[in-house]
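Subject: Structure for your files

Dear colleague,

Please find the structure below. My notes come after it.

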Amino acid sequence: MPTSFTTDTDRLVETVDFVRRQDTAALLPLLLPGLDALELRALVDRCRFSHAALLVFPPAPEALHTVLADCGLSADVPPQPSVVVRDRLAARHRRDAADLDVRILRPPVAGHDGTRRTVELFTLPVPPGSDLTGIAEQERVREHEAHLAFEIERPDPLVLRGMCAIFARHGATADGGGYNPHEDGTVFYFTAPTDTKAGYRRVELYAPGDHRDVLAAHLDEHRARNSAETLLRLMTGAWTTQALAVFAELRVPDAMCTGSGSDAGTLARAVGADPASMATLLRYLGMLGLVATEGDGFRLTELGALLRADAPDSMRPLALMYGGPFYRSFGALGHTLRTGEAAFDHLFGENHFEHFARDPELAELFDLSMAAGSRMFAPLTEHPVVTAASNAPGRRTVVDIAGGNGALLGRILTAHPRLDGVLLERPHVLEAARRTMEAAGLGGRCVHRAGDFADVPPDGDVYILSRILHDWDDERCREILRHCARAMPADADLLIVERLLPADDSASLATAWDLHMRCNVGGRERRADHYARLLADAGLVLVGHAPLPLDGSVLHARPAAAPHPVGR
């Protein structure tokens, strides 16, 4: 089966061949059908075809160097940061730009007539298992950054405005741009006309120097054109939620392959669905990067494979939960906004813990959905508090309070054979947790204790509250933390896993979860200083906090009288 980077290699080979074959005078009429002779001459006299661009996702820098060499391209060109593409990716995928190490390099390519051109290669490293895999899948399908580029010779404001006007007159529309201080160059992006014959949907005009005065009008046009479309996409977000939920509910991902395509009719028969409706759903999911066309059929992408029932850390339960009971209660968000009360309680007549406890299937789905977020847990096995306990003399105990099916505790015990565990949970959850521990060969090292927060066991060495406090208001949080403080020995440590609201109100998953928690649970997300105050009220002190995947954080607290360094 070809790897994702093998696919990138094929795309790069095609791009290099295109750059070698084309020239300015032949390419412009393909790009802008309808150009008359005078317009063509004006453009050819003022710009030249300089490159075609591609965004690739190497697993490591060494892999990129090998592919460049295989294509006959120089691998010695030092890459530079790409501010424009980094910011576009961050906006498109709602990620922090600081998390995207986008680089640009331009290995030279000789044109068929000997002219010097380049392949503009944007790179975003995506190691195996990275949380950037979904971005890579979607970008390969949509090819947002693939484009043709023309460099403007001797640019001045009049020339730039005139060239932009010719492009607009022939159906090209403003599509963003920016100034790159690393290269001292200004980029004007356009969406190609619908009738373009060039084979690329985007085109770039590159002007050496700082031309942000002309760029400002170009960007204003782009924002005005895209505002209504952007708002429309936001308003139809509920369609995406339900499309993902029914895709998972019908187990369509389980019937698909990642290496070969299946036609919509075959998939519909396999899951008991209408063929025409299935084809429409798959086309929609293709827009989102969960499936890709393969011949006359559809194949599952790595992103879509996360919804398989048997996938490691499958996100199928989350799709069913967010498209099921939480979807219904989110429809009553207005009640939360008007009253401050949980919409879930208003809709179902009881809080979600009581509601799920009375329905075994829902209770199991909820616990599985919590475990589906276990990617957040991976670094916790190496947290200094955990490793210090593991390296201490004798056997030490990790107490996971309200630890669900034991997914987090199981990871820690597996990584550290010298640690034992205590899982405190409600009685109806413990049986599933016990099966999980037994299956992992950890049954002899974990005590399963039925109880509530008031039953936190004493004499542990490391206590864990993972995604618990955000379920509750401040007073209940203080009560839970006081139970922990009373049970903890003076030298014990408490690890709290939550999503922290950014202190500067920057974009974060925590902000979305804050709304979710208020609507569906009656809780809330908090900032680090808010947790510090709650801990202090319970006789604990916040030692520090560190980031986790999926915009999570782990906060480290100790009894107020204890020394702050980790370990004993």
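Predicted model: local features only at pLDDT ≥ 70, side-chain atom pairs only at ≥ 80, totals over all residues.

Residues are numbered from 1 along each chain as its sequence is written, and side-chain values use heavy atoms, without hydrogens or water.

Helix pair. Helix α23 (residues 474-487) and helix α25 (residues 528-537) have axes that come within 8 Å and cross at roughly 55°. Helices here are DSSP runs (H or I, at least four residues), numbered from the N terminus; axes are lines fitted to C-alpha atoms over the stretch in contact, with angles from 0 to 180 degrees between N-to-C directions. On the α23 side, Asp474, Cys477, Arg478, Leu481 and Arg482 make the contact, and on the α25 side His530, Leu534, Leu535 and Asp537 (heavy atoms within 4.5 Å).

Pocket. The second largest pocket holds about 570 Å³ of space. A pocket is an open set of points on a 1 Å grid over the protein atoms alone, where a 1.4 Å probe fits, with protein on both sides within 12 Å along at least five of seven lines; lining residues have an atom within 4 Å of a point. Its lining has 25 residues, with Pro317, Leu368, Ala371, Ala372 and Asn405 nearest the centre. Two or more lining residues come from each of α14 (316-322), α19 (360-371), α21 (407-415) and α22 (427-439). The largest share, six residues, is from α19.

Regards

Definitions and conventions
Points joined across faces, edges and corners; volume = space filled by probe spheres on them.
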